[in-house]
2 protein chains.
Amino acid sequence: MPESNQNLDNEFVEYIQKAIENEDMQSFREEFLDAHPYDRAKFFIKQRRKIRFQLYAYLSPEEMAEMFENLDIEDQEKLLEEMDPAYAADMLSKMYADDAVDVLNELDKSQVVSYLTIMDDEAAQEIKELLHYEEKTAGSIMTTEFVNIPANLSIREAMNHLKHEAPEAETIYYIFVTDEDLRLAGVISLRDLIIADDDLKIHEVMNDRVVSVSVSEDQEEVAKMMKDYDFLALPVVDFQKHLLGIITVDDIMDVMDEEASDDYSKLAAVSDMVTVDRNPFSAARKRLPWLIILLFLGMLTASLIGRFEDTLDKVAILAVFIPLIAGMAGNTGTQALAVAVRNIATGDTEHESKMKLIAREAGTGIITGAICGLLVVLVVYLWHHDVYLGLLVGISIFATLIVATLAGALVPLVMHKFNIDPAVASGPFITTINDLISILIYFGMATVFMQYLTR
Amino acid sequence: MPESNQNLDNEFVEYIQKAIENEDMQSFREEFLDAHPYDRAKFFIKQRRKIRFQLYAYLSPEEMAEMFENLDIEDQEKLLEEMDPAYAADMLSKMYADDAVDVLNELDKSQVVSYLTIMDDEAAQEIKELLHYEEKTAGSIMTTEFVNIPANLSIREAMNHLKHEAPEAETIYYIFVTDEDLRLAGVISLRDLIIADDDLKIHEVMNDRVVSVSVSEDQEEVAKMMKDYDFLALPVVDFQKHLLGIITVDDIMDVMDEEASDDYSKLAAVSDMVTVDRNPFSAARKRLPWLIILLFLGMLTASLIGRFEDTLDKVAILAVFIPLIAGMAGNTGTQALAVAVRNIATGDTEHESKMKLIAREAGTGIITGAICGLLVVLVVYLWHHDVYLGLLVGISIFATLIVATLAGALVPLVMHKFNIDPAVASGPFITTINDLISILIYFGMATVFMQYLTR
């Protein structure tokens, strides 16, 4: 993706690098602060430690905050460690509170406390409040820097209020209207504010049917609402509808990315793929727990086949088709699993009953099983010229695909029922379960066909 | 996710339904048009055909357009078919052009032409232009309804211009500044416009370092930029920097959702999971192509094992561990694959060389292989009291995990190199490939250990 770097053009980088070399703080600041904070962050994180320290001296904590928000969480941690604590605390207080909370959540309790102690009281208070909320809830991603106004202001007064609040607030494109108890009463977009007659009162133009989320709502659900309703910000309320904060669309894009990455890594049985592995040890640490569980499940499969050792001793050819049958069970199971997990995640299972989903998966299993089964009968017959062997493998594939497809769909549904995130049922997990099922079916069938197979 | 329906409360639904029953158009319109368009869409799509026809009469094409944009693409298609063509064409012309194009892209050419013929000329022209762009590019998701102003206006003039344009434009929160040739010269956010002194000129306050995307840019890349830079809208330009349109954040959220779903379904070897399957036939149609390919790959594995039939005849116990070894190869391969695909998608591979990624995966394979291998030696020895069998299976697992991990990482990298979307290398695909590799390793080892195994 080379084009995304177009903005961080060489000219810019060279100019800045030269200014740093010459210790020309003014030229550096002029050019650097003109760039988008994301581009500043990209430049900064590539610098050596010595240069970073030079730049801490060149940039105010406030300027650093603006850039800092655009860094990965791991890089943020690294930089915080090397910064002067007073500078760091000052910078944290200048960040949007929700972004500051995101980093602080990664640090030790004692370190957080020490930052909060040196920080100015107002910012510390704001951050403390947000730190209470559980991770991945609306509360944990909301910001308290929003614009709210009373309903009895005129449009003109509201606009003046807004001009005053604009530099501080995280977004000014939705203005939330509250009653005297600070309960959420309505919302008005800046667009409507601009179009409306200056002398009207806010309550005459505001929308009093406000969509809001509860502070304990899951962030994935918040993302879904934001996407469905095309909002740029959503108000967060407590159970008495007091306005606590807002969630802005830019934070929701990060949530969507995180959740997508999460589901994806779970399907592949890797824990936490969001943070990048810098060495094989951290990569192995994330994958080994799964591999070891799967290894023992695989041992179960092995011991199951062990029970049929006599059968295998008599008809060695049976072993040839074990991976084929187990593999097909795994493949169809993974497909059914992914579809079910996705249906649950997007809420599509609400529209139709679970029974209907199961019936459809059973139907899908029968169709795919019949077609693959017939193909296998044909291929095995052409290859081994043994109609019974063909029938055995074909019927096994048929039965296996039906059961494995159903298993792939049922496992996440059952997990969802018991409030376990269905996405933890990974592809490799369902594959290994289906290995077991398929081998049971295959050797069960083989016992039936035994008399026709021994030569 | 029941909470997301909280806004479509029962009271609202009952009231509306009653109004419809009583054929009380006015009460219906009052309440219905007060709801968020997304809630209207949710209500509408649940109605029977007869009621839908009643509502086409109650709602103007413009009102229908606002609601229609919030429906799934399949539902949109269904409704277009049943609508009066003149009403449909009128509605399409009232939709945001990018949304209209999304539906039209799903229809037959002849049908599109017939709509465009009855539509008013200006809208038809706009839509025709957008229809040119290739799917999944910036051009295909951009809208031409944006606000642009010349650089020499004063802030006050710009605000007046904005008030006039606001009802039509898809967003007014970024105003794009163009030169006399309509080339993109700068951008100013509505926030900055509001804060700025009324008498200043636009070119004095605008940001002339505008981040823009090329009209042929991939939509996934656009989404990444929007997310990184926290924009609410991105300008789309041709190669001469002429401003062609803008992409708004709400459309990008849909893109992110679509792309995540896409990557996810590819990992699970299901084509196109975005559209919901209504019956087992459509589900089977999406999964069968993959299953059949995998079936033939599985046959390859089977024929490979067939070559070792003599070995199996002598040592039947060997068959017991085939699924374990093949399974572990599949599991580790899927993990490595997912990590590599994700790294490529997020552009993390830019930061480090491919060699480094491969070296890290090799290291990961050695670590996980060594640990799992040792475990296996132990377990197999305790179970079968046969140290040679334990060593055979353990060493095979060790070697297999290294090779399979590398294969999982290499396949997507090679595909990326040849400009094939690495996400098409699905979990089941890599699993089946790794089955082959692992069996080769296992029986290769078995040949070495043969003399110690025959009892």
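Modeller: What follows sets the labels against the values behind them, for what is a predicted model.

Colleague: Let us begin with the layout of chain A: which domains does the assignment give, and how far apart do the centres of domain 1 and domain 3 lie?

Modeller: The domain assignment divides chain A into domain 1 (2-132), domain 2 (148-250) and domain 3 (280-453). Between the C-alpha centres of domain 1 and domain 3 of chain A the distance is 51 Å.

Colleague: What does UniProt list under "domain: CBS", and what secondary structure does the model show there?

Modeller: The UniProt record, an unreviewed entry, lists residues 142-205 and 206-264 of chain A under that name. In the model, residues 142-205 of chain A are 33% helix and 22% strand, with the end C-alpha atoms 26 Å apart, while residues 206-264 of chain A are 46% helix and 22% strand, with the end C-alpha atoms 41 Å apart.

Colleague: Where does the record place the feature "transmembrane region", and what does the model show at residues 317-341 and 362-383 of chain A?

Modeller: UniProt, again in an unreviewed entry, places that feature at several spans of chain A, among them 317-341 and 362-383. Residues 317-341 of chain A are 96% helix and 0% strand, with end C-alpha atoms 37 Å apart; residues 362-383 of chain A are 100% helix and 0% strand, with end C-alpha atoms 31 Å apart.

Colleague: Why is strand β3 of chain A called largely enclosed?

Modeller: A residue counts as buried when its relative accessible area is under 20%. Five of the six residues of strand β3 (residues 184-189) of chain A are buried, and therefore the strand is largely enclosed by the rest of the structure.

Colleague: How do you know that β2(A) and β3(A) pair?

Modeller: Pairing requires at least two bridges between the strands, and strand β2 (residues 174-178) of chain A and β3(A) have five, in the antiparallel sense.

Colleague: What makes Lys94(A) and Asp90(A) a salt bridge?

Modeller: The rule asks for a side-chain nitrogen of Lys or Arg within 4 Å of a carboxyl oxygen of Asp or Glu. The closest N and O atoms of Lys94(A) and Asp90(A) are 2.9 Å apart, and the pair is counted as a salt bridge. Both residues lie in helix α7 (residues 85-94) of chain A, four residues apart, about one turn of the helix. Lys94(A) is partly exposed at 40%, and Asp90(A) is partly exposed at 31%.

Colleague: Which salt bridges join chain A to chain B, and how many are there between them?

Modeller: The count between chain A and chain B is eight. Among them, Glu361(A) meets Arg287(B) at 2.8 Å, N to O, and Glu31(B) meets Arg209(A) at 2.9 Å. This second pair runs from helix α2 (residues 25-32) of chain B to the loop between α14 (202-205) and β4 (213-214) of chain A.

Colleague: How much area do chain A and chain B bury, and how many residues does the contact take?

Modeller: The two chains bury about 11,400 Å² between them, 66% of it on carbon and sulfur atoms. The contact takes 128 residues from chain A and 128 residues from chain B.

Technical notes: Residues numbered from 1 in each chain as written. Chains lettered and ligands numbered in written order. Predicted model: local features only at pLDDT ≥ 70, side-chain atom pairs only at ≥ 80, totals over all residues. Heavy atoms only, no water. UniProt positions renumbered as here; feature names shortened; annotations may be inferred. Helix = DSSP H or I, 4+ residues; strand = E, 2+ residues; numbered from the N terminus. Domains from an automatic or database assignment. Buried < 20%, exposed > 50% of the residue type's maximum accessible area, 1.4 Å probe, protein only. Contact = heavy atoms within 4.5 Å. Buried area = accessible area lost by both parts, 1.4 Å probe.
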